[in-house]
Amino acid sequence: MYRSDRVLLGEWILTIVTAVFLFVSVVFVDMRSLTVWSTNVWDVTFDSNIRHLYEYTAKNVQGVRHTQMGSELFSVLPWSIWNFPIWLVQRLTGKDIADSAIMLAYSKMFLVVVSLIMLRFTKKLTYLVTGNRTQTTWAVFLSASSTFLFLGVLYAGQNDIFMLTASVIGIYYLIKGKQKWFMVWSIIAIAIKPFFVVAFLAVLLLYEKSIIKAVLKLALGISGVVAQKLLFYGAPMYKESIEEGPSKDLLEQIFSGNVSTAFGSVSFFAIALVLIYLYSYTRGFSKDDIRSQNNRFARYVVYIVAVTNMAYLMFSPFTYYRLVMLVPFLYIVMVQREEVYFYNGLLETSMAVSLVLKMGLRNNTSLFRAKAVNGALIQRFFGYSVTANFEEGKYTSINTYLTDQESLLMHWQPLFSGVALVAGILLLVFNHPDKKVKAPLYGNKNCRALLWVRIVLMIPFVLMVIWLFSKAPIKHY
């Protein structure tokens with residue numbers, strides 16, 4: 001069984017156990033705010049009109065951490081529909097959603113449901129690309145057990161999964177030969193969060209060799225964002241909310257200067273995008289390849305999306321939960337080349353471990369803080385909460401605790417960053433769709449132990465968060 005080329009039942013069970021543990025143990029502060037914002041949609045719909053959403057949210061009636069909704073309506077609209085029952089409970093009973101572990105868990109469950117939809121289309125997409133059922137199962141499993149998915153959905157409870165799912169569906173329809181549905185789902189993905197627009201343009205250039213047509217389709221792709229801005233143009237507190245929200249900061253920093261030249265500061269991400277777009281445009285594909293469902297074209301589409309998302313994460317500032325953007329495209333790329341399975345497992349696991357250590361241990365990190373247990377289902381067994389600031393001293397987070405212990409890990413963060421960067425680059429090099437790099441020796445070696453490590457990677461960190469929560473000197477019963 002250990003040497004089997006199939007996913008074992010025990011591995012599925014271990015993945016589910018890990019997922020359930022993370023689900024009940026943590027409520028990240030952003031998820032609480034997003035949940036409240038999603039239910040604010042119903043308040044303004046029934047009490048006034050949707051154009052008062054940002055004004056009402058700015059009042060912060062439930063006292064959540066974020067006072068401004070710094071994103072567009074579509075970023076919470078799907079969640080609003082799911083959260084209607086808990087809004088109704090709040091409306092009828094007066095029980096604040098932000099203070100209810102059960103209602104927050106119900107809200108978080110929608111992210112799990114959307115993830116399952118994403119995995120369903122991952123299966124359909126992978127089979128279109130590979131035509132191999134074993135590889136398809138592995139792509140689904142690697143995505144489902146990914147540390148990056150666990151971080152984005154089960155730990156952070158972030159809404160990036162909405163954008164990701166819409167983009168996966170869009171790419172599926174493109175490879176299926178249904179360009180209109182590709183455009184529809186791409187518009188939805190970009191309307192939810194604009195990050196997909198970068199990969200969207202790369203895919204357009206892969207098959208659309210008319211620059212004018214590519215630009216027109218790009219304009220159509222951002223039409224959902226434009227429509228939302230028109231809807232709230234001049235609405236109370238809309239402009240102020242967007243300007244003070246995190247989305248504006250991310251867009252401002254996406255091309256941050258990494259190196260000085262005679263021309264001025266240069267962004268590595270900008271350089272990467274120029275190269276990716278030029279590479280995509282110069283590939284010999286056309287719309288005929290879409291209509292004929294050319295398998296090589298399908299492999300290139302998935303690869304280009306994976307490369308573009310990896311470039312963003314490597315060369316632009318990002319929050320830890322944004323790593324979910326690697327799912328499932330990186331894994332669909334990885335399963336296609338069996339002769340490097342061992343190195344794929346080694347590199348992906350090394351990258352995951354290094355990134356978790358880097359982002360969990362850096363100064364002022366929002367990851368692995370004791371307050372993340374506040375509002376989680378597991379907190380009900382403790383019967384108290386902890387403060388949300390540094391009054392807890394060394395028990396505030398893993399970062400502060402290890403700093404107090406003078407751990408060597410705190411000095412090795414450049415090592416973690418370097419390993420993650422090299423691992424990510426090698427994954428893309430080894431798994432080029434045309435197999436341009438010769439497979440290294442022993443690449444088909446079994447790597448099941450690595451698989452188990454990556455599944456349970458998050459558990460020790462969250463257990464330590466719970467331990468810090470239990471040791472906090474200030475407890476509110």
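## Terms and basis of the model

A residue is called buried when its relative accessible area is under 20%, exposed when that area is over 50%, and partly exposed in between, with a 1.4 Å probe and protein chains only. The model described here is predicted, so that local features need a pLDDT of at least 70 and side-chain atom pairs count only at pLDDT 80 or more, while totals for chains, interfaces and linings use all residues. Residues are numbered from 1 along each chain as its sequence is written, and side-chain values use heavy atoms, with hydrogens and water left out.

## Salt bridges

A search of the whole structure finds 14 salt bridges, each being a side-chain nitrogen of Lys or Arg within 4 Å of a carboxyl oxygen of Asp or Glu. One of them joins Glu208 to Lys287, at 3.2 Å from N to O. Glu208 lies in the loop between helix H11 (196-207) and helix H12 (211-221) and Lys287 lies in helix H17 (residues 287-291), so this pair ties together parts that are 79 residues apart in sequence; helices (H or I, at least four residues) and strands (E, at least two) are DSSP runs numbered from the N terminus. Lys287 counts as partly exposed because its relative accessibility is 23%, whereas Glu208, at 4%, counts as buried.

Asp47 forms a salt bridge with Arg91, and their closest N and O atoms are 2.5 Å apart. Because Asp47 belongs to helix H2 (residues 29-47) and Arg91 to helix H5 (residues 84-93), the pair ties together parts that are 44 residues apart in sequence. Asp43 is linked with Asp47 and Arg91 in a network of salt bridges, and Arg91 is partly exposed at 39% relative accessibility. Within helix H17, Asp288 and Arg291 lie three residues apart, about one turn of the helix, and their side chains meet in a salt bridge of 2.7 Å, N to O; Arg291 is exposed, with a relative accessible area of 56%.

The largest nonpolar core has 157 residues, a core being a set of buried Ala, Val, Leu, Ile, Met, Phe, Trp, Tyr and Cys residues joined through side-chain atoms within 4.5 Å. Helix H18 (residues 295-315) gives the most to this core, with 14 residues, and the residues with the most contacts inside it are Tyr155, Ile171 and Met351. Apart from residues up to four places away in sequence, Met351 touches Phe148, Met310, Leu326, Leu330, Ala420, Ala423, Gly424 and Leu427, where contact means heavy atoms within 4.5 Å.

Phe368 lies in the loop between helix H20 (341-361) and helix H21 (379-382) and counts as buried because its relative accessibility is 0%. Beyond its neighbours within four places in sequence, its contacts include Tyr155, Val356, Met458 and Phe461. The C-alpha atoms of Phe368 and Ile466 are 9.4 Å apart in space, although the two are 98 residues apart in sequence.

## Helix H6

Helix H6 (residues 101-130) has 30 residues and reaches 42 Å from its first C-alpha to its last, close to the 44 Å expected at 1.5 Å a residue, the expected span being 1.5 Å times one less than the number of residues. Just after H6, Gly131 takes a positive phi of about 70°.
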